[in-house]
Amino acid sequence: MSSSQRVFSGIQPTADSFHLGNYFGALKHWRTMQDAGSDCVYSVVDLHAITIESQQDPAQLHRRTLVSYAQLLSMGIDPQKSVLFVQSHVPEHAQLAWVLQCITGFGEAGRMTQFKDKSGKEGNDHTSVGLFTYPMLMAADILLYRTDGVPVGEDQRQHLELSRNLAQRFNSRFGETFTVPEPIIQKATAKFVDLQNPTGKMSKSAGTGGGMINVLDDPKQITKRIKSAVTDNEGVVRFDRETQPGVANLLSILGAATDRDPESLVADYEGKGYGALKTDVADAVVAEFTPIAERTRELLEDPAQLIRTMADGAHRARALAEPVLKDAYEAVGFVGIA
């Protein structure tokens, strides 16, 4: 993909801090694409954040949206180089989502694996219609900006395929309106597992407490968690996810923080124990995250300025979104007014 093509990506404000997997798995790539000259559109997708009943806490959502936006700025997303906005500030997302829902089959929506997984956890009485139609809103997010490419992980591949299908279906029925987006496959990104349970994914839902590293964690807490990471009794540093998942995880984290291949790091620890590896991992992660955390706190001290920056991002996003929605509405047959 050439640097001039448009990229869209979004992240939900569903935690008090982004975690290590968010950062190294996606957000650091956002900055890389921006700095490489891509036409980047990035969003804090707060509409998506209310699809699950247990996350519908108004004060919490308000705070987390501010924190998420501040973190993205602190990570180097430049609101002059990229369009950075909060999803609910751009009503065209919800408007286009309705149109896309009306060309999506019920069975098609029901086959989305994330809906099946999340609704299974929530139970029928607590599963919202919004969770069911979430992929159509995601499609609207992408198609609204005539996006050329979308960075995707394995868990979002099915949703991007739906976006592609809906773009093609709409274009076929109503005339060429949307760009059919292509996946952007990043170079193989390390999978980060729970520090206390190396067989489980590092995530806020894992529930082990000390198994996750957050971008905004205190440096002492980061160091403590990494030095307490579960390894094994072999005492030899090797990159083997099957027999030494804890050690492989530490090497993966160090590789991500130092831009080195994890397997190439093994030679650095010949004759050394796990203590040396853990110290290096902790130092590298603290060095990466401390400036981001400090800058985030500074931005949050002036929420009025932060909201002004959000407003400017929303204005820039709407300038892109409005004409696309207008084209889609006209294509469907809605009567426009001056």
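**View 1. The crossing of helices H3 and H6 is right-handed.** Right-handed here denotes a near helix turned clockwise from the far one by less than a right angle. The model is predicted, so that local features require pLDDT of at least 70 and side-chain atom pairs pLDDT 80 or more, whereas totals for chains, interfaces and linings use all residues. Residues are numbered from 1 along each chain, and side-chain values use heavy atoms, without hydrogens and water. The axes of H3 (residues 92-101) and H6 (residues 129-143), lines fitted to C-alpha atoms over the stretch in contact, come within 8 Å and cross at roughly 120°. H3 is therefore oblique to H6, a class left after angles under 35 degrees, over 145 and from 65 to 115 are assigned as roughly parallel, roughly antiparallel and roughly perpendicular.

**View 2. Asp-16 forms a salt bridge with Arg-63.** A salt bridge requires a side-chain nitrogen of Lys or Arg within 4 Å of a carboxyl oxygen of Asp or Glu; here the closest N and O atoms are 2.8 Å apart. Asp-16 lies in the loop between strand E1 (6-11) and helix H1 (20-35), and Arg-63 in helix H2 (residues 58-74), 47 residues apart.

**View 3. Lys-28 pairs with Glu-288 in a salt bridge.** The closest N and O atoms are 3.5 Å apart.

Technical notes. Axes fitted to C-alpha atoms, helices over the stretch in contact; angles between N-to-C directions. Helix = DSSP H or I, 4+ residues; strand = E, 2+ residues; numbered from the N terminus.
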